[in-house]
Amino acid sequence: MHEIVDGPKPKHAQLREILRRLAEHDLAPGSPIPSERDLAERYGVSRITVRAAVGQLVAEGLLTRAKGRGTFTARRRYDLQLFLASFTSDMKARGLEPSTEVISCGQAVPGSKASLGLDDDEYAYRVVRLRKADGAPLAVEAGWYSPHLLPELDRCDLTGSLYELFAAKYGVQLDHARQTVWAETADADTAKALDVRKGSPLLVFRRVASSQGRPCEDVTSWYRGDLYQVTMQLDRTVPGTGPNSAKGGTR
């Protein structure tokens, strides 16, 4: 057990490094750390000192506080993949077990914002699902789907990969998508579904996907901001210019 000693290094800084080692090497992600009182007694410091050390690690994102439950090591963040792949295949590639809960499924008129190339009064399939990995809720997705390419979609089992279903049942392979990313805070319903507090940060992705030029899917997904991050590799090439113009500005 590491000791805290009198010296030039403040006690809260010593305790912070002890807790950092505990969080990074000894405890699994999502594990509780000892209570404020236990830490004060174990290391012979005041609770104010403990509060300062823990607060700094919370600010760094290494620890998280849950109201009424305590303080926990932060869960591992997942990199959102910026290519056209299903949630199911992405989670399996990470060694996680994906699962899906269908919140609602039916037919409705999507309105002018959906990009499915439908007439104003034409219906589409509306599917809302909760996506999980190893039983933990990660994302809520709400999608509109083409009734022309995917007839009777609402009669299918939608608890697995939709992309695999599209290929197997309809012969539809999604080959192109345009995706937009922004940040939001969780409203009451989304927070409840994702098991986070109302107002928690979310990463939101809207993807409009097509197959051979035919619009098929317009889906918006709300991912937990504490569990996801987006990593991009950039170069200095401006799209359409220079010797490497075929690569574009990002890849």
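Predicted model: local features only at pLDDT ≥ 70, side-chain atom pairs only at ≥ 80, totals over all residues.

Reader: Which residues make the contact?

Author: From α1 you have Lys-11, His-12, Leu-15, Arg-16, Leu-19 and Arg-20. On the α3 side there are Thr-49, Val-50, Ala-52, Ala-53, Val-54, Gln-56, Leu-57 and Glu-60.

Reader: How do those divide into nonpolar, polar and charged?

Author: The contact of α1 with α3 has seven nonpolar residues, three polar and four charged.

Reader: OK, now α2. What's its angle to α3?

Author: Helix α2, residues 36-43, packs with α3 at about 115 degrees, with 9 Å between the axes. That makes α2 roughly perpendicular to α3, since angles of 65 to 115 count that way.

Reader: What's the handedness there, and who meets whom?

Author: α2 passes α3 in a right-handed crossing. Glu-36, Arg-37, Leu-39 and Ala-40 of α2 meet Arg-47, Val-50 and Arg-51 of α3. Those contact residues are three nonpolar and four charged, with no polar ones.

Reader: Switching topic: what's up with the phi of Asp-134?

Author: Asp-134 has a positive phi of about 50 degrees, although it is not a glycine. Most residues other than glycine have a negative phi.

Reader: Where does Asp-134 sit?

Author: In the loop between β5 (124-133) and β6 (136-145).

Reader: Is Asp-134 buried or exposed?

Author: Asp-134 has a relative accessibility of 51%, so it counts as exposed, the cut-off being over 50%.

Reader: And what about Gln-212, what's its phi?

Author: Gln-212 is not a glycine either, and its phi is positive, about 50 degrees.

Reader: Which loop is Gln-212 in, and is it buried or exposed?

Author: Gln-212 lies in the loop between β8 (201-211) and β9 (214-224). With a relative accessible area of 65%, Gln-212 is exposed.

Reader: Great, thanks, that covers my list.

Definitions and conventions
Residues numbered from 1 in each chain as written. Heavy atoms only, no water. Contact = heavy atoms within 4.5 Å. Helix = DSSP H or I, 4+ residues; strand = E, 2+ residues; numbered from the N terminus. Nonpolar A, V, L, I, M, F, W, Y, C, P; charged D, E, K, R; others polar. Buried < 20%, exposed > 50% of the residue type's maximum accessible area, 1.4 Å probe, protein only. Axes fitted to C-alpha atoms, helices over the stretch in contact; angles between N-to-C directions. Parallel < 35°, antiparallel > 145°, perpendicular 65-115°, else oblique. Left-handed = near helix turned anticlockwise from the far one by under 90°.
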